[in-house]
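Trainee: I have a model open and would like to learn how to read its packing. Can you walk me through a few features?

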Amino acid sequence: MSTLHIVSSSPFDSNAFSSALKTASQGDAILLIENGVYAAVDALQIDNLMSGAMPDVTHYVLSEDVDARALPRLRNNIAKVDYAGFVALVCQHHNSVSWN
Amino acid sequence: MIISVMVTGSPVSQQSAQTALSFCQAALSAGHQIYRVFFYEDAVQLGSALNVAPQDERNLNAAWSEFVKQYELDAVICVASALKRGILNDSEASRYQKPAANLAEGFDISGLGQWVDACLNSDRVVSFGA
Amino acid sequence: MKTLTFLSRQAPFGTSNAKACLDMVLASAVFEQRVNYIFMDEGVWQLVRGHEPAGIHAKNTMAALQALELYGVENVFALEESLTERNLSLAHLQIPVRLCTRAELSSLIKTSDVVTAL
């Protein structure tokens, strides 16, 4: 049993990413989409949020949304997926939470 | 798998209705079945046949309408959200004595029960926008 | 029967999310599903006693919240962390809710069939 947490707001603008991070438990995944992809940038504020995060949670980012926004360097250990990968992640987890 | 999708974000001011459409297209391409798409809150604006997009911008209403017709999807607009925002089919327009109906082809207007029913009959439910 | 869990994360009045979430909860209860209704983040402001929204011409949803049990919605929670962050305690709240920890929230999500956050 695991959950896909889908985050669609920027962590610089909303607590959606922070709430998802705190709620995700072992075996869950976090997928960043839309303005949520700004949580994938390599920045101090994101590191601070990540410091209390569950280690066994995989982070993904939707490549179409990253490409659209010309993000600078992404943080380590984040995997890019396309829409087919998004669908696959939904199927691999038994439910999902959309954090906006 | 059997998947249902709920869209809540405004198609005009938020990205979520486009994200939901791309997701649904990818789900069908991967061989999954879409049981229902439920439009709630500002997303019901997608059901208007009267919107006009600038020539150099995508008409998301038209794209969704074409998509649900092409794949004969069950696309339900929440009645409470729709009436508040002026999205009416013929029967609602006559019930409330409004001058016109504007529901686009491919969509139905119904209640939140349709969303609960989708939850009961789907393997996965994904929400877009809030 | 399925377990449908709702995370109400927005304050009342400023946006329609709180009301939209409540309507989904009530619809799920009508269908006699197992419902968890969890107030967290800004959503905990919905529970504070003494709302007087007449001056902003908004509907008071407290009556509906107080009637949740009549609708068969018995599992109503507030995330303790969200209350604490806002200097709120059970004494400030209008309706009886169970406090839940972050770990309990995670486990409620895990054991749900569908989770809706609004």
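Mentor: Start with helix 5 of chain B. Its buried residues pack against strand 1 (2-7), strand 2 (33-39) and strand 5 (124-128) of chain B, and also against strand 1 (3-8), helix 1 and strand 5 of chain C. Helices (H or I, at least four residues) and strands (E, at least two) are DSSP runs, numbered from the N terminus. In contact means that C-beta atoms, placed from the backbone, lie within 7 Å. This is a predicted model: local features need pLDDT of at least 70, side-chain atom pairs count only at pLDDT 80 or more, and totals for chains, interfaces and linings use all residues. Residues are numbered from 1 along each chain as its sequence is written, while chains are lettered from A and ligands numbered from 1 in the order in which they are written.

Trainee: Which residues of helix 5 (residues 113-121) of chain B are buried?

Mentor: Buried means 20 or more other C-beta atoms within 10 Å of the residue's own; 12 or fewer is exposed, and in between is partly exposed. Here Trp115(B), Val116(B), Ala118(B) and Cys119(B) are buried. They span an arc of only 155° around the axis, so they sit on the same side of helix 5 of chain B. The arc is taken from the directions from the helix axis to the C-beta atoms.

Trainee: Why do residues three or four places apart point the same way?

Mentor: An α-helix has 3.6 residues a turn, so such residues point the same way.

Trainee: What about the side of chain B that touches chain A?

Mentor: That contact takes 16 residues from chain B and twelve from chain A. Helix 1 and strand 5 of chain B each give two or more residues. The largest share, six residues, comes from helix 1 of chain B.

Trainee: And how many residues of chain C are in contact with chain B?

Mentor: 16 residues of chain C contact eleven residues of chain B. Helix 1 (17-30) and strand 5 (114-117) of chain C each supply at least two residues. Helix 1 of chain C gives the largest share, six residues.

How values were computed
Contact = placed C-beta atoms within 7 Å.
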